[in-house]
Amino acid sequence: GNNIKTNDDEQNVVIGIRLCALPKDVTRIKVKYKLLCVEFERDNLNTISSWSHSANFDYDNYYVKFPKHTIQSHFINQYDQLTFNAEIQILELYDLNGKIINK
């Protein structure tokens with residue numbers, strides 16, 4: 001027998017934000033973010049339409065490993081395209097010594 005799966009396994013999607021770069025002399029940043037799916041919110045789908053979390057980012061931890069913000073495929077499959085908004089608030093910046101930089 002072959003190992004081909006005949007049932008359609010649902011392919012859920014995980015969304016999030018990731019750090020691309022930090023300002024000079026900043027080693028770590030703490031942010032609060034909110035991700036929102038415009039279409040889910042507009043159509044009042046019976047699923048989560050926004051995800052919020054606070055996290056620290058640095059070059060070793062450039063994305064959020066937990067919690068996973070998961071969207072089930074059967075909601076995604078109802079649309080040709082989806083729009084996401086991201087609100088990101090900077091809470092703290094840390095310098096090369098790990099001390100908080102006063103804004």
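Which residues form one aromatic cluster? Phe 40, Phe 75 and Tyr 79 form this cluster, where rings of Phe, Tyr and Trp (its six-membered ring) pair if their centres lie within 6.5 Å. By this rule, 3 aromatic pairs are counted. The structure is a predicted model, in which local features need pLDDT of at least 70 and side-chain atom pairs count only at pLDDT 80 or more, while totals for chains, interfaces and linings use all residues. Residues are numbered from 1 along each chain as its sequence is written, and side-chain values use heavy atoms, with hydrogens and water left out.

The protein contains 2 helices and 5 strands, taken as DSSP runs numbered from the N terminus (helices: H or I, at least four residues; strands: E, at least two). From the N terminus on, the order of these elements is β-β-α-β-β-α-β. Of the 103 residues in the protein, 26% are buried (under 20% relative accessible area, with exposed meaning over 50% and partly exposed in between; 1.4 Å probe, protein chains only). The accessible surface, computed by the Shrake-Rupley method with a 1.4 Å probe, comes to about 7800 Å², and carbon and sulfur atoms account for 47% of that area. Among contacts (heavy atoms within 4.5 Å) between residues at least 6 apart in sequence, 69% join residues at least 24 apart.

The largest nonpolar core comprises 20 residues, a nonpolar core being a set of buried Ala, Val, Leu, Ile, Met, Phe, Trp, Tyr and Cys residues joined through side-chain atoms within 4.5 Å. The residues with the most contacts inside this core are Ile 29, Tyr 33, Leu 35, Phe 40, Trp 51 and Phe 57. E2 and E3 each supply at least two residues of the core, and the largest share, 5 residues, comes from E2. Beyond its neighbours within four places in sequence, Leu 35 is in contact with Ile 15, Gly 16, Ile 17, Ser 49, Ser 50, Trp 51, His 69, Asn 85 and Ala 86.

Two charged side chains were located over rings, the criterion being NZ of Lys or CZ of Arg within 6 Å of the ring centre and within 35 degrees of the ring normal. Arg 28 lies over the face of Tyr 94, at 3.8 Å from the ring centre, and Lys 65 over the face of Tyr 63, at 4.8 Å.

The structure holds 0 disulfides, with a disulfide defined as a pair of cysteine sulfur atoms within 2.5 Å. Cys 20 is exposed because its relative accessible area is 71%, whereas Cys 37 is buried, at 0%.

Backbone geometry was also examined. Most residues other than glycine have a negative phi, and most peptide bonds are trans. The peptide bond from Phe 66 to Pro 67 is cis, with omega near 0 degrees; Pro 67 is placed in the loop between strand E3 (50-57) and strand E4 (69-71). Asp 25, in the loop between strand E1 (13-15) and strand E2 (28-37), has a positive phi near 70 degrees and counts as partly exposed because its relative accessibility is 41%. Asn 44 likewise has a positive phi, of about 50 degrees, and belongs to the loop between helix H1 (38-42) and E3. Asn 44 counts as exposed, since its relative accessibility is 68%.

Key:
Rings of Phe, Tyr and Trp (its six-membered ring) pair if their centres lie within 6.5 Å; planes under 30 degrees apart count as stacked, over 60 as edge-to-face and the rest as tilted.
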